[in-house]
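Visitor: I'd like someone to walk me through the labels on this one. Can we go term by term?

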Amino acid sequence: MATRDREYKPSGLDLPPTPQLNASRININEVRQTLNEFSKDSSALAISLNRIMYQVPGVREYIADVLKIRARASILSDRMNRSSDLNQIASEYGEIDQLWRVVSLQLENVRGLDRETQSLIARMNQSERKLGDLLQTGPQLKRTELLTQTSALSNALGILVEDIEIEFSREPQRFELVRAGQEVEQRMVQVSNLIIDRQSYDSIKREYLAFRDSWNSFATRLRPYHNRIISRGIQRVVQQDRSIQELLWLPQDGANMQEIAHLTEALKRDVDEFYRRATLRLLISLPPANYIATSDEFYGTVENLIDTVNHNESTNNLITSFSYIEQSWKDFSAMFHTVESPAALQLLDKVNNSINALRVSLRIEQPSESIDLAKLVVSLETQSTQLSVIAEQWLATESPSFRQSTQNSIRDFSNTAHELHRIILMQPAATALVRSKSSELFESWFQVHEKISRCETREKYQLQETAVRITQMLMDLRYATK
């Protein structure tokens, strides 16, 4: 009873309904076998993703959630082997189902997965559907996260409408565009209301698809104005829309050619504007270099992408064309960032922002050079301290021996992170030593993760969320030190 009193759920919205099952109609052995298969495949998937992380960097951000699924599936599988309380098993499986449905869709949209990984995802999907039928849980939405994302999208639409009022003050269609934007915003508010009212998945999905139709029509009307502030507002909405598509398990549309074409035009305008303002006097002030060849190469890559878009070529060809831009942009940007002209530097930043917007639209992984190792390790140290504080509340109820071993594991992890931080700050930092200490940090974390996965008190969900953040940081660390 004391344990039950300590149990804590973060939000009533996220609680899957506790099913009242007729155990006599359920084959317990079949449930047990399917759950064991799901658990084994989740472990194999975590290993497979870790193996291909360097070749397919897009999987990096999902490994933390896969490890979380693996831990919870393993615990539930062990409990199922010892217990026959199907109502409790079904309730806990519903929580795993919430997370796996989203992660599965995200992984299926990652380019470059090998056959083994794709096969594991397909097998887990098959087991997940079978368990949902056996335990009568049905599909489980992550309602709290979904509500957060829909609220953020409503806010983004509200800001966009305000920007339209200001930026289009002299446009004859201003009032009509504002009214249309407000109607789109209200459709999104209606989606949020359905989530709050705990309406069915089908009702929420139907209303969201109706919102997307109205939004796409509205965005099509706005893009021809070529207004940078409005374009930025459109991008905010597009990014939020993708997050919600994943939470609603909607198939991804792939590259939006209309959006890509618009962003490519914006990039071309920014580049042309820089070329117009790069006067001979400005170039003379720079150190000697082959400006013509570098500029020629960069401009050629931009024109190549425009041709690829205009010919409606495949997404893979678009990504290849964009990779040429990224490669030549490094040399071009490095060369011209030495100019002593605030206006020219501002234009270079605009070009860089346009390139980043295209990268997001094409769903291309951010390059690893952008990861600040020192900042990342400081964040790991901070999260390990937070983990220790939460764990102390839970461990007060555990046996002295388990409490001591868990405290030692967390302390070792924190000390290793601190030591890695010291090594990184050494100038120059020894690459081999950084990699060795990073591997040691990984091994230390696996021991901590195994122990905190046993928590069943009210601190369970706080520990899980902190663990997901730490695991993601460790994935970033491994990728950055490859």
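Guide: What follows sets labels against their cut-offs.

Guide: This is a predicted model, where local features need pLDDT of at least 70, side-chain atom pairs count only at pLDDT 80 or more, and totals for chains, interfaces and linings use all residues. Residues are numbered from 1 along each chain as its sequence is written, and side-chain values use heavy atoms, with hydrogens and water left out.

Visitor: What makes phenylalanine 274 and phenylalanine 332 an edge-to-face pair?

Guide: Rings of Phe, Tyr and Trp (its six-membered ring) pair if their centres lie within 6.5 Å; planes under 30 degrees apart are stacked, over 60 edge-to-face, the rest tilted. Here the centres are 5.8 Å apart and the planes are at 70 degrees, so this is an edge-to-face pair. By that rule the count is 16 aromatic pairs.

Visitor: Which helices hold phenylalanine 274 and phenylalanine 332?

Guide: Phenylalanine 274 is in helix H10 (residues 257-277) and phenylalanine 332 in helix H13 (residues 315-336), 58 residues apart. Helices (H or I, at least four residues) and strands (E, at least two) are DSSP runs, numbered from the N terminus. The chain has 18 helices and 0 strands.

Visitor: What about tyrosine 275 and tyrosine 299?

Guide: That pair is edge-to-face too, at 5.2 Å centre to centre with 70 degrees between the planes. Tyrosine 275 lies in H10 and tyrosine 299 in H12 (residues 291-310), so the pair ties together parts 24 residues apart in sequence. Ring pairs link Phe274, Tyr275, Phe298, Tyr299, Trp329 and Phe332 into a cluster.

Visitor: Why is tyrosine 275 called partly exposed?

Guide: Buried means under 20% relative accessible area, exposed over 50%, partly exposed in between (1.4 Å probe, protein chains only). Tyrosine 275 has 29%, so it is partly exposed. Phenylalanine 274 and phenylalanine 332 are both buried.

Visitor: How do you know that the charged end of arginine 101 sits over the ring of tryptophan 249?

Guide: The rule wants NZ of Lys or CZ of Arg within 6 Å of the ring centre and within 35 degrees of the ring normal. The charged end of arginine 101 is 4.6 Å from the centre of the tryptophan 249 ring, and it is listed as sitting over that ring.

Visitor: Why is H3 called oblique to H18?

Guide: Angles under 35 degrees are roughly parallel, over 145 roughly antiparallel, 65 to 115 roughly perpendicular, the rest oblique; angles run from 0 to 180 degrees between N-to-C directions. The axes of H3 (residues 63-82) and H18 (residues 460-480) cross at roughly 135 degrees and come within 8 Å, so H3 is oblique to H18.
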